[in-house]
4 protein chains.
Amino acid sequence: MDGAGSWHGGAAAVVTLTFDVDAETPILAHGGRYAGHAGTMSHQSYGPDVGLPRILDLLEELEVPATFFVPGWVAERRPGLAASIVERGHEVAHHSYAHRPPTSMSPQEERADFVRALEVFALQGIEVTGFRAALWEASWATADLVAEHGLRYDSSLMGDDRPYRIATAAGEIVELPVHWSLDDWEQYAYLPEPNIGSVIESPRKVLELWRAELDGMRAYRCLFNLCAHPFLSGRPGRAMALRHLIEYARECGDVAFARCRDVAAAALADPQVRSRPHERPRVDPEIHPY
Amino acid sequence: MDGAGSWHGGAAAVVTLTFDVDAETPILAHGGRYAGHAGTMSHQSYGPDVGLPRILDLLEELEVPATFFVPGWVAERRPGLAASIVERGHEVAHHSYAHRPPTSMSPQEERADFVRALEVFALQGIEVTGFRAALWEASWATADLVAEHGLRYDSSLMGDDRPYRIATAAGEIVELPVHWSLDDWEQYAYLPEPNIGSVIESPRKVLELWRAELDGMRAYRCLFNLCAHPFLSGRPGRAMALRHLIEYARECGDVAFARCRDVAAAALADPQVRSRPHERPRVDPEIHPY
Amino acid sequence: MDGAGSWHGGAAAVVTLTFDVDAETPILAHGGRYAGHAGTMSHQSYGPDVGLPRILDLLEELEVPATFFVPGWVAERRPGLAASIVERGHEVAHHSYAHRPPTSMSPQEERADFVRALEVFALQGIEVTGFRAALWEASWATADLVAEHGLRYDSSLMGDDRPYRIATAAGEIVELPVHWSLDDWEQYAYLPEPNIGSVIESPRKVLELWRAELDGMRAYRCLFNLCAHPFLSGRPGRAMALRHLIEYARECGDVAFARCRDVAAAALADPQVRSRPHERPRVDPEIHPY
Amino acid sequence: MDGAGSWHGGAAAVVTLTFDVDAETPILAHGGRYAGHAGTMSHQSYGPDVGLPRILDLLEELEVPATFFVPGWVAERRPGLAASIVERGHEVAHHSYAHRPPTSMSPQEERADFVRALEVFALQGIEVTGFRAALWEASWATADLVAEHGLRYDSSLMGDDRPYRIATAAGEIVELPVHWSLDDWEQYAYLPEPNIGSVIESPRKVLELWRAELDGMRAYRCLFNLCAHPFLSGRPGRAMALRHLIEYARECGDVAFARCRDVAAAALADPQVRSRPHERPRVDPEIHPY
């Protein structure tokens, strides 16, 4: 099938490899007091310090592009980090400033956090065109913020497994949907305090899970929007699993790799990409108490 | 063996594929405040919007009937949904109005919720003959409500793995028992807030679990009453696992597929289907404090 | 090797198949209020009503003996249950009255619960010679109670993987140790309220786990003291796994099956069975706050 | 490649088998009241009483060296334990006195606990050169304490997967990093009260996980710093898995086994072992509330 002009370009599935370079922020968002936990902080700094360079080398070797969602706090604290990603041909995108979920902030706080990260990227000369909310916990205002600030896509929602359009107060954006089954956090993360995760899975199981989902997505022509974290998937055995996944996808012969910004641009130009309603359900407190 | 007149019709096991079309309700039943969580709401709307059509297509292709338990709130909010299921030859059944567990409501609340959903279905011209409680958390009054309103079966209890009769204040009904091992929720569901689920399993493991249970049930002539959710099993890799399960069951050659209402009717007409006691155990607060 | 006079009789490993016929008690011990939860109660009554007969048939077919630990409350509520087990050549043993952990009771409560169950068994003409604490949460007084009432063994502790002697205030008893890795509860149990369990494992994984442990125990000459529950392992696919485990053990050729009481008697008569200290560690509240 | 003078000696990966001989301490650190739980205490005493001798025999048979981290409280309560480990050619290292995480203690408490364990080892004539914090929950003062008391390495942090240098107020030490994926606790531990663990994994899965990580580490020349516990990995089926892991590593032909102290000495002498920053991140309470 000819895919000219379509978001998928004729591929059976499109793979966007995305990496959330969270470093210390998800833990500090649990509580600033965890800055005093040296062990836990080292568990997080492994991401930018060891996992990230390893993943960049792997992507270069396999010649696939990727998108890195970076919190502003992380970009600010490690000044050369975002630029070093862009230099290798990848995309850097907006992942909040502090990695606090929008649903845990007031509208004013969400806006301030959103803008502060934009300022960091502007100062560093990093052009961002997409956004992902911390923990994917977008509020109903999040998409408005994205559009209002000229970004073209969000990647926090789960309303489909293909790109879809969202109408916002500031115009239309495209959603590149995510899902917990394509996130390494749920499979690999474990910390006793703050208490995170249940059982640590083996890379083989995770590879099996992701391959099954990729095969399903090839049958239904979907966006395989993988979300990995350098502090998790950057570890040796897991980096090997990531390599196997990428190699498998390439061997399929019908899978395309792309950066999120490129998929978003193609989706916005494809009239067959549908729009989905994006509004808060009305709740009757008699029926569903607060 | 000839099974004429028996609930199983001579099959080694009977498969009832059931889908709980919960949409946003299980989350809103945790707290109406979650309506403000756009990410979480999109995780749930995926069910009716993407998962349900995919599952309906799969059932049509494989030519197997199924039963869809729909909360009244969902049927009301998406007016054509229930009818579109019935049109394709499947059954729609009563799954409460608000998806609140009966054990979390007063008797008056449970009754009001039960009746309100009936009114929705009546208004939409959907004839329902069976009921399933939210979270399978039936109260001791639930079966009475089912019988009193002329329904013929309940599918919330776990007192056997074959249909059984229950005597209620309003006459006899049949129970089509469920079990957590045949529910996709426990295997696939994950959300950080409200915090749901532990580790996300791979479709291969779930298929292995369900095939093992089906094989066991074929040996013991049971009702394989699968409970899946469009927002979970409608995802690509899981839909493939569901396809493999159905194909495996068909290849067995000794398995029958049926809608719940048909199994219920057959069971009520089969004198060998036994009655099981259905009464609240007496508890001594000295022995088992409240 | 000749094992005459030894607890193991020359076998590489001894298998004691034990079944805790808990019925409703573990849930009621969480809170008597759960008697009002019809779904949860049916989940538990499945054990004595469906799982137990199935397991008894399986044991008969495979010609292996077993031990059934029954709470007094269960024996009392289902008057013929204990006798029906004994009639088929198995052992019934003491599993408390109410299934409350000794560590959650005062010494007076623990004693009263212990004696009350003994009275039930005496009334029913069931001779019990061993005890198992609810949740294996023995107090330091538990072993004293066991010895004081003339029982010969306890099966609640985890201080070894071979039988060992314990000195009590009322004389010596033998411990037939248990362990969570040989318990089906941890693998299969799941309930939303009270919230029990994490992910439901497949019978294949459980069989793999138990076979691995049995192979290890054959290498180290241990007691494979399996603890299963009719409401869990009595389900079809799991009963098949149990069958495969027993068949595997028989095929090994070096494994013996026995009732707990027989292992206990052999262990008490074997001078090589060692004694292990059984006393509460002294704790300094400055070092380990309460 | 010639590895003379390097920390790895030319091996593709270096394996340090470490065993945390915690006995009762992790539970008592949850609460001294658990001393009254006979079942739970027996679950822990299995470690030094049964698991430890089994592991020592296994290591002797396979001719590999190991490092045992022992809390002072355990060494004191079982006077011959530490010496019996050293006599068999292994290393004993400092694992706190009471197994309380430094992050849960005041600086004064952490120091007192640290010194008290040193005194126990001095009294027993055990020379220790390295430290590991309970639960790996080091504070920022922990490394200072290690250096100040003349120890040469810490093994509690996760900032890399190769040895690295840390500058402290009292001079430089080397870090031998750990990670939860190489800890048996997270895979095997389960107790109902205190509530520890989720699902018990099979030894086969754990072996698969560790082999995958070892293969990855061989590709990236890392330190495979395994952390096992005698009360967990000393059980029969798990000891077999440990045996298979060691045998696999030996068959690789490019893996070296070493005690932690030897790796630490080699790393300190290797100028290519890098230094990593070791300081508390500055947190703005407006951004990351306490």
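These are my notes on a predicted model, taken chain by chain and spot by spot.

**Ground rules.** The model is predicted, so I kept in mind that local features need pLDDT of at least 70 and side-chain atom pairs count only at pLDDT 80 or more, while totals for chains, interfaces and linings use all residues. Residues are numbered from 1 along each chain as its sequence is written, chains are lettered from A and ligands numbered from 1 in the order in which they are written, and side-chain values use heavy atoms, with hydrogens and water left out.

**Entry: Ser155(D).** I started in chain D, where Ser155(D) sits in the loop between strand 5 (153-154) and strand 6 (164-168). Helices (H or I, at least four residues) and strands (E, at least two) are DSSP runs, numbered from the N terminus. Is Ser155(D) buried or exposed? Ser155(D) counts as buried because its relative accessibility is 0%; the cut-offs are under 20% relative accessible area for buried, over 50% for exposed, and partly exposed in between (1.4 Å probe, protein chains only).

I then listed what Ser155(D) touches, leaving out residues up to four places away in sequence: Phe69(D), Phe131(D), Arg132(D), Trp136(D), Glu175(D), Leu176(D), Val178(D) and Asn225(D). Contact here means heavy atoms within 4.5 Å. With Leu176(D) there is also a polar pair: its backbone oxygen is 2.8 Å from a polar atom of the Ser155(D) side chain. I also looked up Asp215(D), which is 60 residues from Ser155(D) in sequence and 22 Å away in space, C-alpha to C-alpha.

Entry: Trp136(D), one of the residues touching Ser155(D), has a positive phi of about 60° although it is not a glycine. I found Trp136(D) in the loop between strand 4 (130-131) and helix 6 (142-148) of chain D. Trp136(D) is buried because its relative accessible area is 4%.

Over in chain B, Arg221(B) has a positive phi too, near 50°. Arg221(B) is in the loop between helix 8 (203-220) and strand 8 (223-228), and is partly exposed because its relative accessible area is 22%.

Next came the cis peptide bonds. One joins Glu193(A) and Pro194(A), with omega about 0°, and another joins Glu193(D) and Pro194(D), again with omega about 0°. Pro194(A) is in the loop between helix 7 (185-188) and helix 8 (203-220) of chain A; Pro194(D) is in the loop between helix 7 (185-188) and helix 8 (203-220) of chain D.

**Entry: chain C against chain B.** I counted 44 residues of chain C in contact with 44 residues of chain B. The buried area is about 3800 Å², with 58% from carbon and sulfur atoms; that is accessible area (1.4 Å probe) that two parts lose on being put together, summed over both.

How many salt bridges cross the interface of chain C and chain B? The rule (a side-chain nitrogen of Lys or Arg within 4 Å of a carboxyl oxygen of Asp or Glu) finds 3. I looked up a salt bridge between Lys205(B) and Glu201(C), whose closest N and O atoms are 3.7 Å apart. On the chain C side, helix 1 (25-30), helix 2 (38-62), helix 3 (72-77), helix 8 (203-220) and helix 10 (236-252) each give two or more residues. Helix 2 of chain C gives the most, with 11 residues.

Entry: Chain A and chain C have no contact, and their closest C-alpha atoms lie 9 Å apart. Chain B and chain D do not touch either, with nearest C-alpha atoms 9 Å apart.

Terms used
Polar contact = N/O pair within 3.5 Å; in protein donor to acceptor, adjacent residues only side chain to side chain.
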